[in-house]
Amino acid sequence: MKTLRSYFLILLIFSILTSCTQNQPVSNTLPESTPEAEGVSSSAIMTFLDSAAKSNNELHGFVFLRHGKIVAKGWWSPYQPELKHTLYSTSKSFTSTAVGFAVTEKLLTVEDKVVSFFPDDLPDTVSQFLSDMRVKDLLSMTAGMDPDPTSALVGKDSNWVRAFLSTPVVNKPGSKFLYNTMATYMLSAIVQKVTGEKIIDYLTPRLFTPLGIEGMDWEEDLRGINTGGWGLRLKTEDMAKFGQLYLQKGKWNGKQILPAEWIEEATTSKIDQAPDMPREKKDSSDWTQGYCYQFWRSRHNAFRADGAFGQFIIVIPDEDAVIAITAETPDMQDEINLVWEYLLPAMHEGKLEEDPRVTAELKQKLSSLALSNLPVTIDPALAAEISGKTYTLAPNSKNLESLTFTFANNECQVTEVYSNITYENTFGSGTWRTGETNKPGPSLVEGAKTNKAFLYPAKIAASYTWKDNNTLELVLRYIESPHTETLICRFEHDKIEADLLKSQAFGKQKVTFAGSVKK
């Protein structure tokens with residue numbers, strides 16, 4: 001009897017403990033470890049960081065996962081871990097994931113015909129190729145259009161679905177690769193059609209909430225459809241979580257949130273982007289390893305989500321690793337080459353011997369990453385002379401009407417008037433003065449007719465320096481995007497000449513303004 005009572009007591013305690021454990025919230029914070037504990041060389045990570053600093057790649061954020069744990073992470077000030085970052089075409093992989101959920105819930109199949117979803121937006125004559133186009137053709141960038149219609153459509157027509165379906169399909173769908181961002185938009189429109197929700201809302205309980213991703217936003221067209229092919233903003237660690245989910249074949253915290261079968265289908269090659277390219281040239285490129293469902297195959301049996309100017313989520317199954325990077329680079333292949341040259345060989349089987357000195361050195365380096373500040377300069381006598389004066393500008397392509405500079409306390413407040421809209425931003429002397437602005441920032445897709453209101457006020461970091469006694473340089477970083485504006489002003493008596501440069505052009509384009517103080 002006593003034994004029986006003890007048995008029931010143990011059973012009761014076990015039941016209570018199990019219930020308590022089940023009711024405890026599961027952490028969605030990525031665990032952290034030292035590099036050596038996960039078989040990664042700290043010295044190699046430092047070499048990667050040093051090499052990146054010497055390259056033409058401007059990194060903004062970096063998270064390195066091995067065996068599901070963060071072994072290194074860092075942000076180059078003024079970029080910070082809590083800030084979102086524009087992902088550009090890395091957004092496409094999230095759109096693909098929304099399709100995966102819809103397929104899993106049997107709301108559509110990849111064999112469904114695109115025209116079947118939009119009977120009210122079809123052209124008067126539906127060609128055979130358009131009729132044949134399937135969801136999987138959109139996913140694999142084989143819609144059959146040539147050239148890519150994106151730039152022609154997003155700036156002139158508010159109904160992008162109708163405009164896409166009216167574009168000639170010149171190749172048999174599924175037969176030829178052509179990168180087509182509007183094809184990704186169509187996937188977003190299809191998911192919204194079958195679910196009744198924007199894909200950001202559809203993904204929230206299925207993907208973002210389970211992974212602990214919050215604060216995301218996504219650009220949308222004028223009809224309220226997420227752009228799909230661009231426009232998603234996430235934190236760098238959120239990007240790493242997404243990559244880890246795919247590395248784990250759709251499982252998160254022990255729960256299968258997306259079927260492993262879909263992960264496999266979405267990340268295996270569906271089309272050769274360059275079938276006629278010589279093998280030697282193909283083997284040196286991460287853009288000719290095959291295209292999947294809005295993911296790219298990479299060298300070293302890896303795959304990635306990939307966005308303009310170097311926004312990457314690189315998944316390396318053979319090494320059980322994920323690397324997320326936000327950046328602005330003129331050479332995306334060069335940025336990936338840094339990963340293959342320094343981080344790939346840094347990974348080993350089993351643990352490595354810990355070296356507390358090297359571990360501390362890496363930790364210090366990661367915590368002190370920063371982009372170069374503008375030189376600190378003493379304001380010349382000219383600063384007091386021009387302070388408070390308004391320079392009226394000659395008519396120009398940017399509709400910039402006037403500039404006013406006010407200097408005080410090692411700061412310069414710049415007032416810009418564009419078509420009667422006034423923007424005021426404050427720049428620090430040789431330091432980054434953070435703040436917010438409603439001034440539209442540089443963007444690869446700034447000509448698209450979309451709802452951008454949620455992007456503003458935009459978070460910025462601003463700094464100024466005097467290049468000489470008559471030349472003022474002002475740098476305005478939009479720190480939730482890859483991009484920066486630089487204004488270089490030359491003063492002569494009551495006249496001004498100013499050059500505006502946008503970083504995404506990498507010095508190849510500028511707009512020059514000229515004006516004077518009105519007497």
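This tour moves through a predicted model, from its sheets and helices to its aromatic contacts and nonpolar cores. Residues are numbered from 1 along each chain as its sequence is written, and side-chain values use heavy atoms, with hydrogens and water left out. Because the model is predicted, local features need pLDDT of at least 70 and side-chain atom pairs count only at pLDDT 80 or more, whereas totals for chains, interfaces and linings use all residues.

**The six-stranded sheet**

Begin by selecting the open sheet with the order β2-β1-β12-β11-β10-β9, whose pairing is antiparallel. Strands (E, at least two residues) and helices (H or I, at least four) are DSSP runs numbered from the N terminus, and two strands pair if DSSP finds at least two bridges between them. At the edges stand β2 (69–75) and β9 (296–298); each has a single partner strand, so one side of each lacks a neighbour in the sheet. Ignoring direction, neighbouring strands are turned by 20 degrees against each other on average; axes are lines fitted to C-alpha atoms, for helices over the stretch in contact, and angles run from 0 to 180 degrees between N-to-C directions.

Next, select β10 (residues 302–307) and β11 (residues 311–316), which run antiparallel and are joined by five bridges. Here Arg304 stands opposite Ile314 in β11. Arg304 also lies over the face of Trp287, at 4.4 Å from the ring centre; a charge sits over a ring if NZ of Lys or CZ of Arg is within 6 Å of the ring centre and within 35 degrees of the ring normal.

Helix α2 (residues 42–54) lies across β1 (58–66), β2 and β12 (321–328), running at about 165 degrees to β1. Helix α13 (residues 332–343) packs on the sheet, touching β1, β9, β10, β11 and β12, and its direction makes about 35 degrees with that of β11. Contact means heavy atoms within 4.5 Å.

**Aromatic pairs around Phe309**

The structure holds 27 aromatic pairs. Rings of Phe, Tyr and Trp (its six-membered ring) pair if their centres lie within 6.5 Å; planes under 30 degrees apart count as stacked, over 60 as edge-to-face and the rest as tilted. Select Tyr88 and Phe309, a tilted pair at 5.6 Å centre to centre with 50 degrees between the planes. Tyr88 lies in the loop between β3 (85–86) and α3 (91–104) and Phe309 in the loop between β10 and β11, so the pair ties together parts that are 221 residues apart in sequence.

Is Phe309 buried or exposed? Phe309 is buried, with a relative accessible area of 9%; buried means under 20%, exposed over 50% and partly exposed in between (1.4 Å probe, protein chains only). Phe309 also forms a tilted pair with Phe506, 6.2 Å centre to centre and 40 degrees between the planes. Phe506 is partly exposed, at 34% relative accessible area.

**The nonpolar cores**

Finally, select Phe94, Leu138 and Phe164, the residues with the most contacts inside the largest nonpolar core, which has 77 residues. Such a core is a set of buried Ala, Val, Leu, Ile, Met, Phe, Trp, Tyr and Cys residues joined through side-chain atoms within 4.5 Å. Helix α8 (residues 181–195) contributes the largest share of this core, eight residues. Apart from this core lies another, of 42 residues, among them Leu83, Leu343, Ala346 and Ile479.
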